Amino acid sequence: MIDWMVFVKALGLCAALIMAIGAQNAYVLRVGIQRQHLVMTLAVCIVLDAALIALGVFGMGALVQASPILLGAARWGGAAFLLWYGLRSWAAILRRNTALEVEPSAAPVSTKRALLTILAISLLNPHVYLDTVVLLGSIGGSYSADLRPSFILGAASASLLWFCVLGFAAHALSRHLSRPVAWQWIDGITGGTMLFLAGTLVFA
């Protein structure tokens, strides 16, 4: 039976974390604008979030915190990934002089490539683990065993709602968001955020 107080607390906490601009959100926005593999991308994001939150709640968060090797790997590997992604986003601003292609004539992305891309963006970003496994996992793990499913369900529901709203809103507004100026802003904000996060990992 669901404990609705725990459910709502988990939903609000996860929503506050997941709505921050990051690599995963930026990629979902891009996929929505391009109108390619949107449902698959959303499904991967939602399922991964739920799985990582559950792992954290049932003990993985404490294990990661107790292992200097795992923390070090997440720190330096994540910093390298975020640095690369941030510079890539800023470089796109200099190259972009036309609207983002969303017409059927645009070169399609294969399902395999789209799947591998969202898996890499989701699983190579250490902040995904810090938010889901460590932070949410530690909080959810503090509840008794009978309340943990309610916490996991609430947090996973926030992920479901956010990614669906973000992806389908981008799909609906693709005509406006695909303009060069709008996409330059998206790339600029994304790049700046990724470089800032990389810096916090390196100099922490």
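**A buried threonine and its surroundings**

Modeller: Let us begin with Thr132, which is buried, with a relative accessible area of 6%. Please keep in mind that this is a predicted model.

Biologist: Why does Thr132 count as buried?

Modeller: Thr132 has a relative accessible area of 6%, and the term buried applies under 20%.

Biologist: Which helix is Thr132 found in?

Modeller: Thr132 belongs to helix 6, which covers residues 126-141.

Biologist: And what does Thr132 touch, leaving out residues up to four places away in sequence?

Modeller: On that basis, Thr132 touches Asp49, Leu52, Ile53 and Gly137.

Biologist: Where does the backbone oxygen of Val128 lie relative to the side chain of Thr132?

Modeller: A polar atom of the Thr132 side chain is 2.5 Å from that backbone oxygen of Val128.

Biologist: Changing topic: how many residues are in the largest nonpolar core?

Modeller: That core has 23 residues, and Tyr27, Val28, Tyr85, Ile121 and Phe163 are those with the most contacts inside it. At least two of its residues come from each of helix 2 (23-34), helix 3 (38-65), helix 4 (68-95), helix 5 (111-123) and helix 7 (148-172).

Biologist: What other core lies apart from it?

Modeller: There is another core of 11 residues, including Ala15, Ile53, Ile152 and Ala155. Ile53 is also one of the residues that Thr132 touches.

Biologist: Going back to Ile121, which residues does it touch, again not counting those up to four places away?

Modeller: Ile121 touches Ala23, Gln24, Tyr27, Phe81 and Tyr85.

Biologist: Now the surface. Which residues form a nonpolar patch there?

Modeller: Ile2, Trp4 and Leu153 form one, and together they have about 290 Å² of accessible area. Trp4 is placed in helix 1, residues 4-18.

Biologist: Is Trp4 buried or exposed?

Modeller: Trp4 counts as exposed, because its relative accessibility is 54% and the cut-off for exposed is over 50%.

Biologist: And the whole protein: how many helices and strands are there?

Modeller: The protein has 9 helices and 0 strands. Of its 204 residues, 41% count as buried. Its accessible surface is about 10,700 Å², with 73% of that belonging to carbon and sulfur atoms.

Biologist: Lastly, what share of the contacts between residues at least 6 apart in sequence join residues at least 24 apart?

Modeller: The share is 89%.

Technical notes: Residues numbered from 1 in each chain as written. Predicted model: local features only at pLDDT ≥ 70, side-chain atom pairs only at ≥ 80, totals over all residues. Heavy atoms only, no water. Core = buried A, V, L, I, M, F, W, Y, C linked by side-chain atoms within 4.5 Å. Buried < 20%, exposed > 50% of the residue type's maximum accessible area, 1.4 Å probe, protein only. Helix = DSSP H or I, 4+ residues; strand = E, 2+ residues; numbered from the N terminus. Contact = heavy atoms within 4.5 Å. Polar contact = N/O pair within 3.5 Å; in protein donor to acceptor, adjacent residues only side chain to side chain. Patch = residues over 30% accessible without salt bridge, like charges linked within 9 Å, V, L, I, M, F, W, Y side chains within 5 Å. Areas by Shrake-Rupley, 256 points an atom, 1.4 Å probe, with all protein chains shown as cover. Salt bridge = Lys/Arg side-chain N within 4 Å of Asp/Glu carboxyl O.
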